[in-house]
Amino acid sequence: MSTTMCQVMGFIVSALGFAGCIAATGMDMWSTQDLYDNPVTAVFQYQGLWRSCITQSSGLTECRPYFTILGLPAMFQAVRALMIVGIVLGAFGLLVALFSLKCLRIGNMEDSAKANMTLTAGIMNIVAGLCAICGVSVFANMLVTNFWMSTANMYQTGMMQTLQTRYTFGSALFVGWVAGGLALIGGIMMCIACRGLVPEETHYKAVSYKSAGYKSGTGYETKKVPVIETHTIKSDEGRRSYPSKYDYV
């Protein structure tokens, strides 16, 4: 029961992480405008992986997609690739995990096959979570670097010379971190549940019967006497002993 519960909980947690990765990838608030020491508050800018948006004080929002791929920074494209790879791996991991659930019986699938499928799904979810965490962390590092470079340019001589737009962490970054952590935890739970799904090996000794004759009051009768076979016994000369023709019926 505990193995089934661990497997189901790992599947649910991984599904939540997968949904969070999709939501984070599609969100526009990966970076938001820093309003600290910014006298212009009538316009608020924020950017995502696929488009940049501007919200005015009147409530009007205008978004413009990125119409170029080669013109974007290499690290920005790497973040896109990591999030997409995480989503694809998460989708395949959930599909494999769905068919490997112990509470679902599909055909004559053995427990050993379900254990292997559960381990595969767990590894795929772990990799998907790591991709999401790495992608969000790389984007956050880019924001921190650009923020301090912009700040240094604004205060070169101790006083504000130029007004530059600085960006800080958006809500999508926190969603991505949480989603990657959930996918990672769900994959680990599936890998733990895999050990409980592996069938235990049974050890037994083979038993054969040989005929033994004895005399009774009514005549000569035979009965079968069990003999335990031992395939590892050797003679004194180091040779292997083989059963004779009288050891079996």
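A cavity, as I use the word here, is a set of points on a 1 Å grid over the protein atoms where a 1.4 Å probe fits but cannot get out. The model I looked at is predicted.

**Entry: cavities**

I counted the cavities of 30 Å³ or more under this rule and got two. I then went to the second largest cavity, which holds about 30 Å³ of space. Which residues line the second largest cavity? I listed Ser 14, Phe 18, Cys 21, Gly 86, Ile 87, Gly 90, Asn 125, Ala 128 and Ala 183. I sorted this lining by type and found five nonpolar residues, four polar ones and no charged ones. Gly counts as polar in this sorting. I also asked which helices supply at least two residues each to the lining. They are helix H1 (2-26), helix H2 (74-99) and helix H3 (111-154).

**Entry: overall layout**

I looked up the secondary structure and noted four helices and seven strands. Read from the N terminus, the order of elements is α-β-β-β-β-α-α-β-α-β-β. The protein has 249 residues, and 31% of them count as buried.

Strand S1 (31-33) and strand S2 (residues 43-47) are antiparallel and share two bridges. In this pair I find Ser 31 opposite Gln 47 of S2.

S2 also pairs with S3, again in the antiparallel sense, over five bridges. Two positions I checked here are Val 43, which stands opposite Gln 56 in S3, and Phe 44, whose bridge partner in S3 is Thr 55. S2 and S3 make a hairpin, with three residues between the two strands.

I found five bridges between S3 and strand S4 (residues 61-65), and this pairing is antiparallel as well. Arg 51 is opposite Pro 65 of S4. The hairpin of S3 and S4 has four residues between its strands, and in it Gly 59 takes a positive phi near 100 degrees.

Side chains of opposite charge can pair when their charged atoms come close. The partners are the side chains of Asp 28 and Arg 51, with an N to O distance of 2.9 Å. Why does this pair tie together separate parts of the chain? Asp 28 lies in the loop between H1 and S1, while Arg 51 belongs to strand S3 (residues 51-56), so the contact links parts 23 residues apart in sequence.

I then checked the accessibility of both partners. Asp 28 has 15% relative accessibility and therefore counts as buried, the limit being under 20%. Arg 51, at 34%, counts as partly exposed.

I looked up Tyr 36, which sits in the loop between S1 and S2. Is Tyr 36 buried or exposed? Its relative accessibility is 57%, so Tyr 36 counts as exposed.

Val 79 is in helix H2. I read a relative accessible area of 0% for Val 79, so this residue is buried. The C-alpha atoms of Val 79 and Ser 137 are 9.0 Å apart, for a spacing of 58 residues along the chain.

**Entry: annotated spans**

I took the annotation "transmembrane region" from UniProt, where the entry is unreviewed, and it covers residues 81-101, 122-149 and 169-198. Such annotations may be inferred rather than shown by experiment. I compared two of these spans with the model. Residues 81-101 are 90% helix and 0% strand, and 30 Å separates the end C-alpha atoms of the span. How far apart are the end C-alpha atoms of residues 122-149? I noted 41 Å for residues 122-149, with 100% helix and 0% strand over the span.

Definitions and conventions:
Residues numbered from 1 in each chain as written. Predicted model: local features only at pLDDT ≥ 70, side-chain atom pairs only at ≥ 80, totals over all residues. Heavy atoms only, no water. 1 Å grid on protein atoms, 1.4 Å probe; cavity = no way out; pocket = protein on both sides within 12 Å on 5 of 7 lines; lining within 4 Å. Points joined across faces, edges and corners; volume = space filled by probe spheres on them. Salt bridge = Lys/Arg side-chain N within 4 Å of Asp/Glu carboxyl O. Buried < 20%, exposed > 50% of the residue type's maximum accessible area, 1.4 Å probe, protein only. Pairing = 2+ DSSP bridges.
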